[in-house]
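Biologist: I'd like to learn how to read a structure like this one. Could you walk me through it, feature by feature?

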Amino acid sequence: MNITATYTDLYQLTMAQVYFNTKPDGRAVFDYYFRHNPFNSGYSIFAGLEDVLDILETLEFSPSDLSYLQQFGFESDFLEYLKNFRFTGTIFSSKEGDVVFPNRPILQVESNIIEAQIIETVLLNILNFQTLIATKASRIRRSAKDEVLLDMGLRRAHATGGYYASRAAAIGGFDGTSNVKTAEDYNIPCSGTMAHSFIQSYKDELEAFRDFARIRPKNCVLLIDTYDSLKSGLPNAITVAKEMEIKGERLLGVRLDSGDLAYLSKKTRTILDDSNLGYVQIVASNQLDEYVIKSLKEQGAPIDIFGVGTNLVTGKPDAALDGVYKLSEYNGDPRIKLSENIIKVSLPYKKQVYRMLDSNGMFYGADAIAMFTEGKVTKIKHPFDATKGLDLSSYTHEPLLEKVMENGKRVVAPRSVTEISKYSQSRLDQLPNEYKRFQNPHIYKIGLSIELKQERDKLVQEHKF
């Protein structure tokens, strides 16, 4: 998608105007993180990084952007600065597709404060949304186990958000999408069946099926619930399947899009098998999510392919990830934001995050946040409860924030959606099952190094009223 630097909030630019006049060379470190896992999940899947890097490498204000901004009273020398604006900063980040948890830096931006401020909105917009959808997709994948998952949500998505939703769904474990544009741009398998309107346009359902199978014999899936799934749609689909066999072709599947999917899929499977059509797959759609699919699997519904739409691409029921972007260092000095809500107290300084691995390579259940220069962390403390801590000296430390951009240019090779998805699954395999439960998952521990906690607490005292 074509994004210019006005893909931002006006207050980013009004602050930038003041910075330009008062401290144009200030150097800042900002942290991106979120405060809660969505969907009451025990984990989240980080997504959107590749898109953010692509956008930042080419981000600029177009001539029409600059003309538009004149109405807001910006000074001419500031608009001249924006004319030559480019992001020239450095970014450290977790790998896209990694399993991440609340209240620890996932990405850090180091740059001139004007640049860091202008990119905030687009960074949050992309990362928050794709992480939300990738996490939803991962939960649906866990419910579906090895069955095929297709994203069919573009028509119900929040306008062009559907473009990125399909990408994030693939990272979270979906096998394909009906979204042609996203499939084209990100090399994601694309598939689709038919709508009820296609069948309704014919006077006869059988005639509609015959025409579709004749013209589209490869990967042919027939929608059987326009009138009556078992009394009309399925018998007509079987007739067409037998006619296809005579031609040396095979009907790929039949699709159920309404009614009791468990009951209908069982009946459909029995009738297909009794007709020697055991190879014909059953596709199910209609308001599916991780809970409905989990229930269908538990009921033994013989569904081979799940088409998931609205609940996936809108991130239902949460609809948004509460990701934030907070200043943690300015010109080498620590910065902190205080709040009466202790979870909203930010962490100062440039930092590194370490994941603890046990002797089997599994995640131990704790990430350690440390000063960037600390190295191995032997002990962590709870961010706000002085009585709680962990000894980490016996665990392998894996640093999670790697440099991905320097001087506004990538320093890591681009990764395909397929590569990111495979990586994400490998990381989930390292996460113990108690953190992947749907109900009451274990809470993954996030702790501070002794040094970082001391520095944070010192700043809290300094700024307390």
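Modeller: Happy to. Keep in mind that this is a predicted model. Let's begin with a charge and a ring: the charged end of lysine 350 sits over the ring of phenylalanine 372, 3.9 Å from the ring's centre.

Biologist: Which ring does the charged end of arginine 415 sit over?

Modeller: That one is the ring of tyrosine 423, with 5.1 Å between the charged end of arginine 415 and the ring centre.

Biologist: Now rings with rings. How do I read a pair of aromatic rings?

Modeller: You describe such a pair with the distance of the centres and the angle of the planes. Searching the whole structure turns up 17 aromatic pairs. Take phenylalanine 20 and phenylalanine 78: their centres are 5.7 Å apart and their planes make an angle of 55°, and the pair is tilted.

Biologist: Where do phenylalanine 20 and phenylalanine 78 lie?

Modeller: Phenylalanine 20 is in helix H1 (residues 10-22) and phenylalanine 78 is in helix H4 (residues 76-83), so their pair ties together parts 58 residues apart in sequence. Phenylalanine 78 has a relative accessible area of 0%, so it counts as buried. Phe20 and Phe78 also belong to one aromatic cluster, along with Tyr68, Phe72, Phe74 and Tyr81.

Biologist: And what kind of pair do phenylalanine 101 and tyrosine 444 form?

Modeller: A stacked one, with 3.8 Å from centre to centre and 5° between the planes. This pair links distant parts of the chain, 343 residues apart. Phenylalanine 101 is in the loop between strand S4 (99-100) and strand S5 (107-112), while tyrosine 444 is in the loop between helix H15 (417-430) and strand S21 (445-449).

Biologist: Is phenylalanine 101 buried or exposed?

Modeller: Buried, because the cut-off for that word is under 20% relative accessible area, and phenylalanine 101 comes in at 1%. Tyrosine 444 is buried too, at 6%.

Biologist: Okay, on to pockets. How does anyone find empty space in a model?

Modeller: Rolling a probe the size of a water molecule over the atoms shows where empty space is left. Here the largest pocket holds about 820 Å³ of space.

Biologist: Which residues lie nearest the centre of the largest pocket?

Modeller: Of its 35 lining residues, those are Pro102, Asn103, Ile443, Tyr444 and Ile446. Strand S1 (27-34), strand S16 (379-381) and strand S17 (389-391) each supply at least two. By type, the lining of the largest pocket has 18 nonpolar, eleven polar and six charged residues.

Biologist: How many residues line the second largest pocket?

Modeller: There are 26, with Met152, Arg155, Arg255, Asp257 and Ser285 nearest its centre. The second largest pocket has a volume of about 510 Å³. Its lining divides into seven nonpolar, 15 polar and four charged residues.

Biologist: Last one: how should I read a sheet?

Modeller: An open sheet of seven strands runs S13-S12-S1-S5-S3-S19-S20 with antiparallel pairing. Strand S13 (333-334) and strand S20 (409-410) are the edge strands, each pairing on one side only. Further in, S1 and S5 pair in the antiparallel sense over six bridges.

Biologist: Which residue in S5 is the bridge partner of tyrosine 32?

Modeller: Leucine 107 is.

Key:
Residues numbered from 1 in each chain as written. Predicted model: local features only at pLDDT ≥ 70, side-chain atom pairs only at ≥ 80, totals over all residues. Heavy atoms only, no water. Phe/Tyr/Trp six-rings, centres within 6.5 Å; stacked < 30°, edge-to-face > 60°. Helix = DSSP H or I, 4+ residues; strand = E, 2+ residues; numbered from the N terminus. Buried < 20%, exposed > 50% of the residue type's maximum accessible area, 1.4 Å probe, protein only. Lys NZ or Arg CZ within 6 Å of the ring centre and 35° of its normal. 1 Å grid on protein atoms, 1.4 Å probe; cavity = no way out; pocket = protein on both sides within 12 Å on 5 of 7 lines; lining within 4 Å. Points joined across faces, edges and corners; volume = space filled by probe spheres on them. Nonpolar A, V, L, I, M, F, W, Y, C, P; charged D, E, K, R; others polar. Pairing = 2+ DSSP bridges.
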